[in-house]
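Below are my notes, written with the model open beside them.

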Amino acid sequence: MEILIAILALVLLVVVVLVISAPLRAAWGSQDDVVVGRAALGEARGEPLKERADPDRARAGPAGRWGGSVSDQREPAEERAELEAEREAKYREIRDTELDYRTGKLSQEDFAATDGALRAEAVAILDRLAAVERDEDAPTELEDGPRPRGA
Amino acid sequence: MALLGRICLLLALAVCAYGIGASIYGVRTGRWEWAVSGRRSVYALAGILTVGFVILEVAFLRDDFAFNAVADTSSRTTPTFYKAAAVWSSQEGSLLLWAWLMSLWSSLALFLTRRRIRDVAAYATAIMLGFGGFFISLMVFYAQPFATTSPTPSEGVGLDPLLRFPTMMIHPPMLYSGYTLCTIPLAFGMGALLARRVDAEWIRVIRRFAFGAWFFLGIGILLGARWSYSELGWGGYWGWDAVENAALLPWLTGTAFLHSLMIQEKRGMLKVWNVSLVLATGTLAIMGTFLVRSGVLNSIHAFGGQTLGVPFVVLIAVLIAGSIYLVITRREMLHTEHRIDSLLSREAAFLANNLVLVALVFVILWGTYFPLISEALTGQEASVGPPWFDRYTVPLALILVLLSGIGPVIAWRRATLANARRNFLVPIGLALATLVVLLAAGVPVKPFALAMFCCAAFVFGSISQEFFRGMRARSAMAGEAPPTALVALVRRNRRRYGGYIVHIGIAVLFVGVAASTSFQHESELGLSPGQSSRVGAYTIKYVRSTASVTPDYDSSSTQGGRELSAIIRAEPGVTLGPDTARTGATLSLGAVLDVSKHGRHVTTLYPSEGFYASEEPTQGSVGHLIGGQPVSHVAIDAGVTRDVWTAIAPNIETPQLKRIVTLGNRTLPYAHPGEGMVAIAALAAAYMKSPPQAQFHLIASPLVMWIWIGGLIVVGGALIAIWPAPSVVRHRVRARSRARAEQGLASA
């Protein structure tokens, strides 16, 4: 029985370590390629070798004293997701306003003013979304670094 | 397998510690692979705790009394269904359930947000793992679910008879799901403040989990109320159990948050308020958990030992101090983008609703924790009763119900007086008509109850009008038949109309509470067979007594068993077999009650009281067989218009019955419970031959059924609101023009 428990505990430990370490192994596995790639890119730009070969420094910056994160600049995919959520929320708000009007809660004048303002805000969001999508469609540069698997 | 369980806990603790470090390192340095590794720690934690929970559950089902938790809360005679649920009736098992559910819900939350707000999510991961680590530490150092004893006891103490009630088996997992889900918005809220990213995104991410917490807490509270009504002896709405009151607190702040978050989503307002509500809801959930774990208040759910009180107080203090610090230091980021345009707007109604809900929280918080406060200040424990609660909660409840009818019929931003007049005409008319009808029908003038009925009619009028107008508008726009238009309307606006249905459910529930409180007839008296009593319009007659004996051994294979069977055959009133409530009572004594109204038979009720065995040898070989806590099994005739509720407390302390127990204790060996059961059967036979006067608790309450119906309507409405919207075709809109935006709106 003790042997069975020892085997089960060992299996559990191995599975846990494999699950948790997967992103680290993926990142470390691709790190060498990134360094070589970065070095090649830096060489083409004429940057000093030491800075080129430091992938951590390329990715990380100084964090705040307490709180905050190094990446106040969001990934394009993240920004697009946020804008899409904003767009859906604005559409919902416009639909709600229209429903309020049709169910007699808003006067014609109030509806026209509110609806116009909301649609203008929706257009502004669509503009920002289009800009982000344009950036996404542009060729990706190597210095973005590897994206962790599963992130 | 206990060893494997202990290894699981140690491994889980290590995973929590690693995950916290990895998440914080990842977000602080921008090495996101570490943050992802931290997130995966939560998945791993869920897996490890699942293994641990299965080990403990199997131990309960296999009657493995080597586990202390099994020996303390289960027994061979405990019905299998209750054995499976006995895991969370122990301190240790309930801690494991808490941590396990938290790891599962946290995994789901982090999986769904894996591609969004990664910096906020990384901090949230660390906080969730902090909660996990706290609860696992309690299990490692204080209350060990996998602790064993040697030699293995041959029998366990058994599950507390009060907990042998079907809904009690679902009630704790529901409540714990609610509590643990409350910690997810708290973790993301703190994460957003730590990451200094307090835009609308984190609110969108947590909305569904906040709703889930509210939903599960609501179901848990409703099941607890039902259990209290049917099992505990019903102490009224505030006297039921301190733990149920404590569960109401995060539910109320959660309700406030679900309303005020709409204001932030639409207007960018109330950011400080919303983040404070999220943090308060999570903290109150931990306080509710503390109340159960610490045993500081008298509750059937509370676990005796107070060893866990100090760690919980430290955690709560850290949460409160941390929340205040974060909100104060981030207040500049939480500035409001807009102001309320008009007091006649939905924002203003929501704000008023929030203030009433928070006032309710303060009242219930004070009343529930008053015994602790009193003891701390005066050294003497005192408590406040239902009248104190009613003085403050009834007016607040009236305003709340009224607001739930006002909010839906006024527009966002500003409503004109002309529109408001038109929209309030039908609801006010319906409320006044209700008042006239009730007075004309001769309903006694009880101001608060009548006011509640009118408020509920107002809500029903305003929401029905909303549905009707929406359906008519949809029908006119899309050319659909009214029923089709109604379904399409609700499908396309789930949150709005699901929320309206919840409002109706709440109004119905409050009607049940108001009617059953104000117009209830109650009587507590002693009756002998043949005697009767009046309760309201009902006459309840004690027809005859009943008795059943549940042998826990093969009655035909022993001398005692054969004697027992012979005694029971000789006394036809005594039955041999499981008690009517099937909870494993050794002896069950009850009554047959005939209920009539104006001379016409209405129903027959069979209330009983179960007597359970104790593990106390000093009670003697016969005395210990019925020496446990007696539990009343209530008999209810439930109806749409009224409930007739009856409970009996039989008297087994008469000299004749006591003589049987004393004689049995003196002559029968303790080691052979089969022999002792013969004396119990003789006691039952003697009770049936000349039943002594029994104490009865009789209640006739109108509209109690509507409390449960209202609760079900709330659940139905919440399900509609929480259900994901039909998949929206997502277009990559590139156009800049207003015309293209409107085209996008049409397809949204």
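The numbered points below go from the ground rules to the chains and then to a few helices.

1. Before anything else, a word on conventions. This is a predicted model, in which local features need pLDDT of at least 70 and side-chain atom pairs count only at pLDDT 80 or more, while totals for chains, interfaces and linings use all residues. Residues are numbered from 1 along each chain as its sequence is written, and chains are lettered from A and ligands numbered from 1 in the order in which they are written.

2. Chain A has five helices and zero strands, with its elements running α-α-α-α-α from the N terminus. Helices (H or I, at least four residues) and strands (E, at least two) are DSSP runs, numbered from the N terminus. Chain B comes to 22 helices and eleven strands.

3. How much of each chain is buried? In chain A, buried residues make up 20% of the 151 residues; in chain B, 54% of the 748 residues count as buried. Here a residue is buried if 20 or more other C-beta atoms lie within 10 Å of its own, exposed if 12 or fewer, and partly exposed in between, with C-beta atoms placed from the backbone.

4. On contacts (C-beta atoms, placed from the backbone, within 7 Å), chain A has 70% joining residues at least 24 apart, among contacts between residues at least 6 apart in sequence. For chain B, residues 24 or more positions apart account for 76% of the contacts with a separation of 6 or more.

5. Do look at helix α1 (residues 2-29) and helix α6 (residues 118-141) of chain B, whose axes come within 8 Å and cross at roughly 155°. Axes are lines fitted to C-alpha atoms, for helices over the stretch in contact, and angles run from 0 to 180 degrees between N-to-C directions. α1(B) and α6(B) are therefore roughly antiparallel to each other (over 145 degrees). The residues of this contact divide into 16 nonpolar, eight polar and one charged. Ala, Val, Leu, Ile, Met, Phe, Trp, Tyr, Cys and Pro count as nonpolar, Asp, Glu, Lys and Arg as charged, and the others, Gly among them, as polar.

6. Helix α5 (residues 91-112) of chain B is mostly covered, with 18 of its 22 residues buried.

7. Finally, B:Leu355 is found in helix α12 (residues 346-378) of chain B. The C-alpha atoms of B:Leu355 and B:Leu400 are separated by 9.7 Å, with the two residues 45 residues apart along the chain.

Terms used:
Parallel < 35°, antiparallel > 145°, perpendicular 65-115°, else oblique. Contact = placed C-beta atoms within 7 Å.
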